[in-house]
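Open the model in your viewer and keep the selection tool ready. The stops below go one by one, each with something to pick and something to look for.

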Amino acid sequence: MAIPGELTLNRRDLIAAAGACAALPSMAGAARGQPVPTGEPVRASVSFRVNGAGHDLDLDTRTTLLDALREHLKLTGTKKGCDHGQCGACTVIVDGQRINSCLTLAVMNQGSEVTTIEGLGSVENLHAMQAAFIKHDGFQCGYCTPGQICSAVAVLDEIKAGIPSHVSADLDGAVAVTEAEIRERMSGNICRCGAYSNIVEAMTDVAGRQG
C-alpha cells in the first residue's frame, strides 16, 4: 500500500527511466548543436619525407604524427609514453626542430622532413650521440632513449645557433654548453630510470668533439 505523497515506481517505470537516462548524452549534444558522429572518419592525403625517404599516406585526419610513424610506417623506435606531451619519449626532429610527435597531427606536417631515431644512425654506423649514450651509460631500460637522443641532437644544434634558454645569462650573446643549459633544455624528456647525469656527460662529450 502506497503512502500518500510517496513516489512509487513499477518495473515498467524503471525501464523507461533507464532508457531516458541512456539517451541524455546524445540529446544534450544535439541541443548544443554538436554533430552526432556518423559514417566513416574524414580522411586526407599527406606527403612528407621520413629519414630521407618520401612517403604518401592516406590517413584519418585525427592521426598523430606519432601514430603515423609507428602504425603506418612501422618506425617503432619512436615511443609512445604519456601521449600528452609530458614525457618526451616520442620526440622526433621535424625540419630541424625537435617536437613531441604525439602533439601534432600527421596532416599538419605536409611537405616536412622528419628524422626519427632510425634516421640518425644504424647499428653499423652509429650517430655520435648514440655512441656517446652507450659510452656513458646514458640509459637503463632504454624506453625513453630514442626521444632523449633525438632531443639531445637538437639541443646541441639550438645552442650552436645561439638560441637562448631560461637559464641563459645573455640573451644576445653566444650560448655555452654548460650542465645548467643541458639540464634546462632536456627537462622535457623524462627518464624514470634516473640516468640524467650520464645523459649530461654524453651530451657534453659530443659537444666537446663538435667544438
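Which kind of interaction joins the side chains of Asp 205 and Lys 135? Select both residues. They meet in a salt bridge, with N to O at 3.1 Å. This is a predicted model, so read every distance on this tour as a property of the prediction.

**Stop 1: across two helices**

Stay on that pair. Asp 205 sits in helix H7 and Lys 135 in helix H4. The two are 70 residues apart, and their pairing links distant parts of the chain. Now colour by accessibility. Asp 205 has 16% relative accessibility, so it counts as buried, the cut-off being under 20%. Lys 135 is exposed, at 59% relative accessible area.

Next, select Arg 98, Glu 158, Glu 181 and Arg 185. Salt bridges with shared partners join these four into one network. A search of the whole structure gives 11 salt bridges.

**Stop 2: the whole chain**

Zoom out and switch to cartoon. Seven helices and five strands make up the secondary structure of the chain. Trace them along the sequence: the pattern reads α-β-β-α-β-β-β-α-α-α-α-α. The chain has 211 residues, and 35% of them count as buried. Take the contacts with a separation of 6 or more: 52% of them come from residues 24 or more positions apart. The accessible area is about 12600 Å², and carbon and sulfur atoms hold 55% of it.

**Stop 3: the largest core**

In soluble globular proteins, nonpolar side chains tend to be buried together. Hide the surface and select Met 129, Phe 133, Ile 149, Met 186 and Met 203. These have the most contacts inside the largest nonpolar core, a set of 22 residues. Which helices each supply at least two residues of this core? Colour H3 (117–120), H4 (128–135), H5 (145–160) and H7 (196–210). H5 gives the most, with seven residues.

Centre on Met 129. Leave out its neighbours within four places in sequence. Met 129 then touches Ile 149, Ala 152, Val 153 and Leu 156, and also Ala 202, Met 203 and Val 206.

Now move to a second, separate core, which has 14 residues. Select Leu 57, Leu 59, Leu 75 and Val 114, which are among them.

**Stop 4**

Select Glu 113 and Arg 49. This pair forms a salt bridge, its closest N and O atoms 3.4 Å apart. Glu 113 belongs to strand S5 (residues 113–115), and Arg 49 to strand S1 (residues 43–50). The pair is 64 residues apart and links distant parts of the chain. Are the two partners buried, partly exposed or exposed? Glu 113 is partly exposed, with 31% relative accessible area. Arg 49 is partly exposed too, at 38%.

**Stop 5: a pair with two accessibility classes**

Go to Arg 62 and Asp 60. Here the closest N and O atoms of the salt bridge are 2.7 Å apart. Arg 62 is exposed, at 61% relative accessible area. Asp 60 is buried, at 16%.

**Stop 6: a patch outside**

Bring the surface back and select Leu 126, Ile 134 and Phe 139. They form a nonpolar patch on the surface, with about 250 Å² of accessible area together. Finish on Ile 134, a residue of helix H4. Its relative accessibility is 46%, so Ile 134 counts as partly exposed.

Note on methods
Residues are numbered from 1 along each chain as its sequence is written. This is a predicted model: local features need pLDDT of at least 70, side-chain atom pairs count only at pLDDT 80 or more; totals for chains, interfaces and linings use all residues. Side-chain values use heavy atoms; hydrogens and water are left out. A nonpolar core is a set of buried Ala, Val, Leu, Ile, Met, Phe, Trp, Tyr and Cys residues joined through side-chain atoms within 4.5 Å. Buried means under 20% relative accessible area, exposed over 50%, partly exposed in between (1.4 Å probe, protein chains only). Helices (H or I, at least four residues) and strands (E, at least two) are DSSP runs, numbered from the N terminus. Contact means heavy atoms within 4.5 Å. Patches are made of residues with over 30% relative accessible area and no salt bridge: like charges are joined within 9 Å, nonpolar side chains (Val, Leu, Ile, Met, Phe, Trp, Tyr) within 5 Å. Accessible areas come from the Shrake-Rupley method with a 1.4 Å probe; for residues, only the protein chains shown count as cover.
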